[in-house]
Amino acid sequence: MNTEEILALYDLEQRVNIEYPNMRKERRPHVIRYLNQTGGPHFVLHSSLAGADVEAVITEEQAYFGPLGKVEWKVYAHDRPADLRQRLVACGFEAGEAEAVMALDLAETPHLDTSALPDNVTVRRLEDVAQFKDVQQIEETVWEEDFGWLSNNLAADLAVPGYLSVYAAYVDEQPACAGWINFHP
C-alpha cells in the first residue's frame with residue numbers, strides 16, 4: 001500500500017465527495033462544512049487553504065458557526081498549511097485528542113475468531129435503536145461529556161438501508177466498547 005495514494009483517495013472519498021444523511025453539506029471556497037440536522041455537532045471536514053489568508057478563513061468560519069453551537073474542524077497530519085492545528089488553537093479552537101486513519105488491505109484480512117474471547121465477553125451487532133443507548137453510555141464514560149445526540153444520529157443512519165453497522169463488546173453484560181462504520185455509496 002502506498003501511503004500518499006491512500007491519503008489522497010481518503011481525502012477525495014471521505015472528505016471531499018462524501019455525503020452524510022441528515023447533514024447539510026456546504027462547499028465554500030476554502031472549506032467543506034457540514035451542518036448536523038439531528039442536533040449533533042457541526043464540522044469542517046476538509047480545507048484547501050493554499051494561497052488563502054488562513055486566519056481570515058478561520059475567522060469567517062467562526063463567525064458562521066458561532067450562533068449554531070459546537071463545531072469541530074477536522075485536521076489531519078497531511079493537511080496544509082502544516083501548522084493549521086496550531087493556527088486554529090491560536091484562534092480559539094480547542095485541540096482534541098489525536099485520531100488516526102487506518103487502512104486495511106482486504107485481500108489480507110485475517111478472520112476474527114470470537115471463540116478466543118473470554119467467557120464473560122460478548123460482541124454483538126446492534127440493530128435496534130434502543131441498543132444505541134449502550135453506545136452513548138460508553139462514549140459518555142470515555143469522553144466525560146454529553147453524547148445525547150449520538151443515539152439520534154445512529155438511528156437516522158440506521159434508517160438508510162445498508163448504510164450503518166454498529167457493534168458493541170460487553171463484559172459481564174455491561175457495555176465496554178463500541179465501534180461503527182458507515183458504508184457510503
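Asn22 is partly exposed, with a relative accessible area of 34%; buried here stands for under 20% relative accessible area, exposed for over 50% and partly exposed for what lies in between, with a 1.4 Å probe and protein chains only. Asn22 belongs to the loop between α1 and β1 and, although not a glycine, has a positive phi of about 60°. The model is a predicted one, in which local features need pLDDT of at least 70 and side-chain atom pairs count only at pLDDT 80 or more, whereas totals for chains, interfaces and linings use all residues. Residues are numbered from 1 along each chain as its sequence is written, and side-chain values use heavy atoms, with hydrogens and water left out.

**Chain and backbone**

The chain has 5 helices and 7 strands, where helices (H or I, at least four residues) and strands (E, at least two) are DSSP runs numbered from the N terminus. From the N terminus on, these elements follow the sequence α-β-β-β-α-β-α-β-α-α-β-β. Along its principal axes the C-alpha trace spans about 55 × 40 × 30 Å, and buried residues account for 31% of the 185 residues. Of the contacts (heavy atoms within 4.5 Å) between residues at least 6 apart in sequence, 52% join residues at least 24 apart.

A positive phi is also found at Glu144, which is not a glycine and has a value of about 55°. Glu144 is placed in the loop between α4 (132-143) and α5 (148-158), and at 70% relative accessibility it counts as exposed. A cis peptide bond, with omega about 5°, joins Arg80 and Pro81, and Pro81 is located in the loop between β4 and α3 (84-90).

**The sheet**

An open sheet of 4 strands has the order β1-β2-β3-β4 and mixed pairing, two strands being paired if DSSP finds at least two bridges between them. Its edge strands, β1 (23-27) and β4 (71-73), each pair on one side only, and the twist averages 20° from one strand to the next. The pairings are set out below.

| Strands | Bridges | Direction |
|---|---|---|
| β1 and β2 (residues 31-36) | 5 bridges | antiparallel |
| β2 and β3 | 4 bridges | antiparallel |
| β3 and β4 | 3 bridges | parallel |

The chain passes from β3 to β4 through helix α2 (residues 54-65) in a β-α-β crossover that is right-handed, meaning that, with the strands pointing away from the viewer, the path from the first strand over the helix to the second runs clockwise. Between β2 and β3, which form a hairpin, there are 5 residues, and Gly39 in the turn has a positive phi of about 95°.

Because 6 of the 6 residues of β3 are buried, this strand is largely enclosed by the rest of the structure. Helix α1 (residues 3-16) lies across β1, β2 and β3 (42-47), running at about 150° to β3; axes are lines fitted to C-alpha atoms, for helices over the stretch in contact, and angles run from 0 to 180 degrees between N-to-C directions.

**Rings and charges**

A search of the whole structure finds 7 aromatic pairs; rings of Phe, Tyr and Trp (its six-membered ring) pair if their centres lie within 6.5 Å, and planes under 30 degrees apart count as stacked, over 60 as edge-to-face and the rest as tilted. One of them joins Tyr20 and Tyr34 edge-to-face, at 5.2 Å centre to centre and 80° between the planes. This pair links distant parts of the chain, with Tyr20 in the loop between α1 and β1 and Tyr34 in strand β2, 14 residues apart. Tyr20 is partly exposed at a relative accessible area of 23%, while Tyr34 counts as buried at 0%. Tyr34 also forms a stacked pair with Phe43, at 5.1 Å centre to centre and 25° between the planes, and Phe43 is likewise buried. Tyr20, Tyr34 and Phe43 form one aromatic cluster.

The charged end of Arg33 sits over the ring of Tyr64, 3.5 Å from its centre, a charge being over a ring if NZ of Lys or CZ of Arg is within 6 Å of the ring centre and within 35 degrees of the ring normal. Arg33 also lies over the face of Phe65, at 5.9 Å from the ring centre.
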